[in-house]
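Reader: I am new to this structure and would like a close look at one part, the surroundings of a single ligand. Could you take me through that part slowly and carefully?

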Amino acid sequence: MDTETILIVAGIAIFIVALVFKFLKKDAIVEEVKVEQKVLTKKKESTITYGKVTLFFGSQSGTANKFCNILSQEALDNDFEPSVEDLKDFKKEFFTQGDNLVILCMATHGEGDPTDNAKEFFEWIKNHQEENAFKNIRFTVFGLGNTQYEHYNAMGRQTNQHFERLGAKRVYKYGEGDDNSSLEDDFNEWKENLWTELKKIITPIDLTKQNDQSAASHHNKKKSGTAFKLVPTEAAEINFENAKNDGKKYEFLTDGYIHGTVANVKSIKELRQNNNDGSTLHMEIDLKNTNLKYKTAMNIEIFAENDPALVEKVGAHLNLDLNQRVELVVDEEFIEKFKYPFPSPISIRSILTKFCDFQGQLMKKTLKDLAKLTTNEEHKSKLEKLASAAGKKEFDSEIYQKKKCLFDLLKEYQIVPTLEQFVDLCPRLSPRLFTISSSDVKNPEIVTVTDSLVADKLEDGSIKHGICSKYLINFQNKLKNGMTGNRIRVGFKASSFILPQDSKTPIIMIGPGTGIAPFIAFCQEKEALLEKGINICPGEFTLYFGCRHQNGDYIFREELEQYVKSGIINKLYTAFSRDQGSKVYVQDLMIKNEEEIYNTFFERNGLIYICGATAMGESVVNALRKIVQKFKNIDEQEAHKFVENLEKEKRIIKELW
Ligand SMILES: Cc1cc2nc3c(=O)[nH]c(=O)nc-3n(C[C@H](O)[C@H](O)[C@H](O)COP(=O)(O)OP(=O)(O)OC[C@H]3O[C@@H](n4cnc5c(N)ncnc54)[C@H](O)[C@@H]3O)c2cc1C
Ligand SMILES: Cc1cc2nc3c(=O)[nH]c(=O)nc-3n(C[C@H](O)[C@H](O)[C@H](O)COP(=O)(O)O)c2cc1C
Ligand SMILES: *[C@@H]1O[C@H](CO)[C@@H](O)[C@H](O)[C@H]1NC(C)=O
């Protein structure tokens, strides 16, 4: 037989075997689970390599990690050998001794600060003084930021500068993206010529000419593209309440989840006078029986879960039995670098509930991946169009503005991925951050969250809640109906809101809307310290609060009035923007009180804390610039510099989101 005949015969044989197999499996649960391997992209095997490229991410909520994964896929397609690394695990020798090609995707967090996982790395490069220490490093950087923040892309820019300063060789232009509008487009535009440029500089190695056959086979294996199977099991699901690290390497966000702690929700109540303009919930979490400790006005991470009703719908769409438990089995050849998306054995319900974000904002990359999963040519080209640069406008109006999510598109384009494909298409759910509105000095066991719910009205008139918003609404209903299951997964993080225990320092707090949260915590702390008869007590409190209506969304009204009465708050200024003809905001009140602000802040060496929406933060800082300009009799530019320095000196402290 010639080769062609062999191939045809083999093909027919495989077809028959597959048919028999499918028939045999028909009634088994296995059929439902579709253990078939996911293959989103598969590439021909190659005989050359451009060598290793290491993709580092500095990330808080996972976007920079996603970008590295996208680059990793492209690196494979371009005959590089990529590995994606969390900057938390960086090794100094890698940069100072190795001859390495690195791409860094750096998000900025806080107020121009590094993300938690990049803190140590950034401190190190910032303080590293040895000339040409990175001389054998070839590099480029992409920064992720948001123009609503004052220090736009500070981390991307500074990392890029430090690499230059340390003598690393640039192999591609620096790029950055703006999460206020065009982050993924900026990223796509930046990386357009990345691989062609790199291939111009790097000489490939021909693997067929190498004696080292193992290198060749190793390289080829890595190109086959797929990684894991979800195999049905009768074993019990793992206990998520103590799913602490079991030695496996988890994906970035999953690792955060694993390190979370479970506590009880004690109560949830509405804070607004009415719900004409929305809803703000106040949640008490009981830390008793946990080993969690917190401090006044820290940040809390809430690991929100998808709405159970929606999970049912997704399960039905995917033809999956949600109660089926599966074991995650990694293909032998990938085991070395594999990052687990979740622990297992796990039920399909838990996978969909805890680890898959199928409701959030869609990436264009996801549309491209979806296009590969449909055989309908019309759908395929529509999805590809939406994901392309040419389809930018359409993507914005059809997908982004309509808040469409992955699940919407699966329905709309009648795509039914396998469970493995679905897990791969979905980003992991990221924890939601909140500024704690309670004080440990008052009660170390109760921590409170003040959550202004996200409720978007869609074109068809229906309401789409944010993931965490819906999660808390469901919790509230459960508590109301006396249902069990009030466990919540949380973690704590340091914040920049720390109250100085110095009675001479006057404090000006600006927190309209939910931005009031940390200042309620400050008031609680001051009150508790006074009650305990502790002499070292915070000084004078001036609070600026704002909302739409005095009788509507004036949250913590009774508490604030009580704090004024008891002298915890010395001055309270409120701006009810829509209670009169012309709008009044906190920044307008500040200008009105400019003399008092100037005296308290400058003459008496006060501190200013600002919390809440980014846009408000910018307006407040602008008001401060105007006050400085007027009273110091300096020009606009000088005032700008002056206020900037005050921020550096931590006299002005902001937490904006
Ligand atoms: C340090 C810090 C402190 C914070 N403190 C507080 C606090 O004290 N109180 C508080 O209320 N909030 C706080 N936040 C905000 C909070 O973390 C959450 O972002 C907020 O509660 C919304 O979460 P969610 O899951 O309900 O909404 P999400 O589902 O995450 O939605 C968030 C946004 O994305 C949009 N969106 C969702 N899905 C899509 C889609 N498919 N397509 C397009 N757009 C979409 C929504 O319209 C919404 O604007 C803080 C944030 C940070 C970073
Ligand atoms: C609390 C917070 C603070 C931020 N601070 C800044 C900042 O100072 N400068 C900036 O350019 N972007 C800032 N950003 C925007 C993020 O860098 C941007 O959204 C990025 O895409 C996040 O990437 P990640 O998901 O990998 O963490 C901030 C975002 C948040 C939530
Ligand atoms: C952020 O985006 C909004 C809406 O797209 C826009 O109105 C605003 O001007 C942008 N802000 C900045 C600072 O670019």
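Author: A polar contact is here a pair of N or O atoms within 3.5 Å. The model is predicted, with local features needing pLDDT of at least 70 and side-chain atom pairs pLDDT 80 or more, while totals for chains, interfaces and linings use all residues. Residues are numbered from 1 along each chain as written, chains are lettered from A and ligands numbered from 1 in the order written, and side-chain values use heavy atoms, without hydrogens or water.

Around ligand 3 stand Thr 147, Gln 148 and Asn 180, where a residue is near a molecule if one of its heavy atoms lies within 4 Å of it. Turning to the side chain of Asn 180, one of its N or O atoms is 2.5 Å from an oxygen atom of ligand 3. For Thr 147, an N or O atom of the side chain is 3.3 Å from an oxygen atom of the ligand. Taken on its own, ligand 3 has 360 Å² of accessible area, and the protein covers 31% of that area (Shrake-Rupley method, 1.4 Å probe).

Note on methods:
Polar contact = N/O pair within 3.5 Å; in protein donor to acceptor, adjacent residues only side chain to side chain.
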